[in-house]
Amino acid sequence: MRVFQPRKGYRAGVDPVLLAAATPAKQGDTVLELGCGVGVASLCLAARVPDIQVTGVELQAEYAALGELNARENGADFTVVHSDLRTLPADLRQQRFRHVIMNPPYFDRSAGTAATNQGRDLALGGDTPLTDWLQIGARRVGPRGYLTMIQRIERLPEVLGALEGRLGAVIVRPIAGRAGKAPELFLLQARQEGRAAFRMAPTLIMHEGAAHSDDQESYTPDVRAVLRSGGELPIWP
């Protein structure tokens, strides 16, 4: 997959690729990505699952334009809507999707320092509360559909609180850099009308070995299969 990104500003890393791999989409499904940026997660998902229809919502015009370019470059059925997720166009507000995915800003802007680059600052912090992301996303999930997200581990209580009474059957999979290290991120999946009890999945370990020792790639086999071969990554392994 070939993706254009801004020369300066926020550039997608591994996280949206993991998000796409954890989304349990099937052929023919509809997908909505909130805050799609240049489309990395949506395009990875479309590359893995044939014949899905993906819509992305992106606030920043430059990133939305690059997302449209990336859709054409990769031949994906991916439409980018340039909009604030809090004021979605009327037609989107009337739609519900089999899957809603999101990689919201990791940091609470009110509790940190803004980045000097505006695009990077919005991607990392922004001014939309995390609870708004989750409430808006939950409303767009169709019957028995799924919401899948990736976020920093310290914000897990906030996420669970926002989903209470909206979506159920919540599964959380922590992500740690190496075995024995505390998780820094988590993947979460919740379901519309889901009634299963909350579950905590085994931690996903990103790298082999106790520490980084040289310039060689050290991803674990599961992570390598996602990054290099477009493999899937079930929330519950």
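The legends below describe views of a protein chain and of one of its pockets.

**Figure 1. Overall fold of the protein chain.** This is a predicted model, in which local features need pLDDT of at least 70 and side-chain atom pairs count only at pLDDT 80 or more, while totals for chains, interfaces and linings use all residues. Residues are numbered from 1 along each chain as its sequence is written, and side-chain values use heavy atoms, without hydrogens and water. The chain contains eight helices and nine strands (DSSP runs of H or I with at least four residues, and of E with at least two, numbered from the N terminus). Its C-alpha trace spans about 50 × 45 × 40 Å along the principal axes.

**Figure 2. Burial within the protein chain.** Of the 237 residues, 49% are buried, meaning under 20% relative accessible area with a 1.4 Å probe and protein chains only.

**Figure 3. The second largest pocket.** This pocket has a volume of about 380 Å³. A pocket is an open set of points on a 1 Å grid, where a 1.4 Å probe fits, with protein on both sides within 12 Å along at least five of seven lines; lining residues have an atom within 4 Å of a point. The volume is the space filled by probe spheres set on the points.

**Figure 4. Lining of the second largest pocket.** Among the 20 lining residues, Met1, Val17, Cys44, Val226 and Leu227 lie nearest the centre. Helices α1 (15–22), α2 (40–48) and α8 (221–229) each supply at least two lining residues, and α2 gives the most, with five.

Key
Buried means under 20% relative accessible area, exposed over 50%, partly exposed in between (1.4 Å probe, protein chains only).
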